[in-house]
Amino acid sequence: MTDDMSEHGCAEHQEALSELALGVLTGRDRARALDHVDSCPRCAEELEQLSRAADAVVQAAAEAEPPIGFEVRLFERMGVTDVRRRHRYRPPRWAVGALSAAAAVAALAVGLSLGLSSSTPPSQSAAPAHGVVTASLVEHGTVVGRVAAHGGAHPWMWMMLFDSSAHGTVDCIVVTSDGVSHQVGTFVAKEGYGAWVAPPVSTRTTSAAPRSSRPAGR
Amino acid sequence: MAEGELSDDGLLAGMALGEQAAAVAFVRRYQRRVFGLAYSMTGDAGVAEDVAQETMIRVWKHAPVFDPRRGSVASWVLTITRNLAIDALRLRRAVPTDPDDFAAAAMRSNEHNPEDAVQRGDVRHIVRDALEVLPPEQRRAVVLAAVYGRTALEISESEGIPLGTAKTRIRTALIRLRAAIEHQEEVNDDR
């Protein structure tokens, strides 16, 4: 490493890397160090590790209970009105959630099932926004969650249940426009509450129709 | 995080979509850490509440631009808190808490089972342990820089030490903390 360091002039920047990681390097010293890091993968790696350590010092701070009324004042400022505690567990009579967006970047139909008893009509899709398609998950006519999907070079899918009867393992099934179902993952819901972010969804389609889910046997 | 609870990334993704339920869950998960950091830095419950509330509002507002590839949610949120606390102290010309008090509070705090936390890769407990074994002058220097945003020059002036000594203390402490984190990660990988 010593040879490499002298070859790339790393040695003279070693001291600066710590201060750079801590965010306390200023002026020309900072510019010089950044310039070096941009052209030196080894120092860029070291800077990343030192930055993690610096962040960790901040994260190590002791926790403390906020004053009484903190939440009330905060939620009022945030415009948050639904501050209910989560519902208790109810027997799973879980039906359908669906997403449809024919003009979406990566239109997908999504079905959720958990000990399915019967299908209900899928929810209406939302308009694509910023390349993200969102829709409500509906159980017996009540919105119990949200699902979002994003296409493009780095596709992802996100799903959240916040007031459902689901409890236990939930399957996420993508139904593409050719009618093929793909199980893209599972997550655990607890007392109706759970969320999941999918790894990149490899399944692509250009259009999809709303689709009710089918029993998954879970 | 208990089984069935959402990941931080999941909550933030929900907030990015304007989901109030995600915002509520996020606030309830992070309010003690955010308020705790602000209070540890300012020593004033009123100022700390202002800082904590502003932090949460910024997270709510800027959740769509959070990029998980650039670091963890905890790191992002607590960096916002730290910066706001530094600003609040400057605006009010207030005296920050002593870095030794900050470190002492961190080292004696025990919010969770440390063993569980280490197994889950919670870096807080690793760093608290590592801070405890640092020489006091190095611990003080790294806390002044990492938490209070003091430059090496400012530390040399406030501590009455040469600039080179301040730089050495900061660097040596940070390298030791990094080594402690890496060591724990290697132990976790071997499990």
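In the predicted model, 44% of the 218 residues of chain A count as buried. Chain A contains 5 helices and 7 strands, and their order along the sequence is α-α-α-α-α-β-β-β-β-β-β-β. Of the contacts in chain A between residues at least 6 apart in sequence, 61% join residues at least 24 apart. For chain B, buried residues amount to 46% of 191 residues. Chain B has 10 helices and 0 strands, giving the pattern α-α-α-α-α-α-α-α-α-α. Residues 24 or more positions apart make up 66% of the contacts in chain B that have a separation of 6 or more.

In chain A, the loop between α2 (14-22) and α3 (27-39) includes A:Gly23. This residue has 18 C-beta neighbours inside 10 Å and is therefore classed as partly exposed, given that a residue needs 20 or more to be buried and 12 or fewer to be exposed. A distance of 8.7 Å separates the C-alpha atom of A:Gly23 from that of A:Ser51, a residue 28 positions away along the chain.

The contact between the two chains involves 49 residues from chain A and 61 residues from chain B. On the side of chain A that touches chain B, two or more residues come from each of the helices α2, α4 (41-59) and α5 (70-78) and from each of the strands β3 (142-150), β4 (156-161), β6 (181-189) and β7 (194-197). The element that gives the most to this side is α4(A), with 10 residues. By class, the residues of chain A that touch chain B comprise 29 nonpolar, 8 polar and 12 charged.

Elements of both chains also cover helix α8 of chain B, which spans residues 136-146. Because 8 of its 11 residues are buried, α8(B) is largely enclosed by the rest of the structure. The buried positions in α8(B) are B:Arg139, B:Arg140, B:Ala141, B:Val142, B:Val143, B:Leu144, B:Ala145 and B:Ala146. Their cover includes α2 and α4 of chain A, and from chain B it includes α5 (99-108), α7 (123-133), α9 (152-159) and α10 (163-190).

Packed helices are described by the angle between their axes and the distance between the axes. Helix α2 (residues 20-42) and helix α3 (residues 45-62) of chain B pack at about 140°, and their axes are 8 Å apart. With this angle, α2(B) is oblique to α3(B), since roughly antiparallel applies to angles over 145 degrees. The two helices, α2(B) and α3(B), cross in a right-handed sense. On the α2(B) side the contact is formed by B:Ala23, B:Val27, B:Gln31, B:Val34, B:Phe35, B:Ala38, B:Tyr39 and B:Thr42, and on the α3(B) side by B:Ala45, B:Val47, B:Ala48, B:Glu49, B:Val51, B:Ala52, B:Thr55, B:Met56 and B:Trp60. The contact of α2(B) with α3(B) has 13 nonpolar, 3 polar and 1 charged residues.

For the second pair, α7(B) and α10(B), the packing angle is about 135° and the axes lie 9 Å apart. This angle makes α7(B) oblique to α10(B), and the crossing of the two helices is right-handed. The residues B:Val123, B:Ile126, B:Val127 and B:Ala130 of α7(B) meet B:Arg176, B:Leu177, B:Ala180, B:Ile181 and B:Gln184 of α10(B). The contact of α7(B) with α10(B) divides into 7 nonpolar, 1 polar and 1 charged residues.

In soluble globular proteins, nonpolar side chains tend to be buried together. The largest nonpolar core of the model has 102 residues, and those with the most contacts inside it are A:Val57, B:Ala38 and B:Leu174. Helix α2(B) supplies the largest share of this core, 14 residues. B:Ala38, which takes part in the contact of α2(B) with α3(B), touches B:Ala48, B:Val51, B:Ala52, B:Thr81 and B:Ala85, when residues up to four places away in sequence are not counted.

Helix α1 of chain B covers residues 8-16, and its buried residues are B:Gly10, B:Leu11, B:Leu12, B:Ala13, B:Gly14 and B:Met15. Following α1(B) is B:Gly18, which has a positive phi, near 80°.

Key: Residues are numbered from 1 along each chain as its sequence is written. Chains are lettered from A and ligands numbered from 1 in the order in which they are written. This is a predicted model: local features need pLDDT of at least 70, side-chain atom pairs count only at pLDDT 80 or more; totals for chains, interfaces and linings use all residues. Helices (H or I, at least four residues) and strands (E, at least two) are DSSP runs, numbered from the N terminus. Two residues are in contact if their C-beta atoms, placed from the backbone, lie within 7 Å. Ala, Val, Leu, Ile, Met, Phe, Trp, Tyr, Cys and Pro count as nonpolar, Asp, Glu, Lys and Arg as charged, and the others, Gly among them, as polar. Axes are lines fitted to C-alpha atoms, for helices over the stretch in contact, and angles run from 0 to 180 degrees between N-to-C directions. Angles under 35 degrees count as roughly parallel, over 145 as roughly antiparallel, 65 to 115 as roughly perpendicular and the rest as oblique. A crossing is left-handed if the near helix is turned anticlockwise from the far one by less than a right angle, and right-handed if clockwise. A nonpolar core is a set of buried Ala, Val, Leu, Ile, Met, Phe, Trp, Tyr and Cys residues joined through C-beta atoms within 7 Å.
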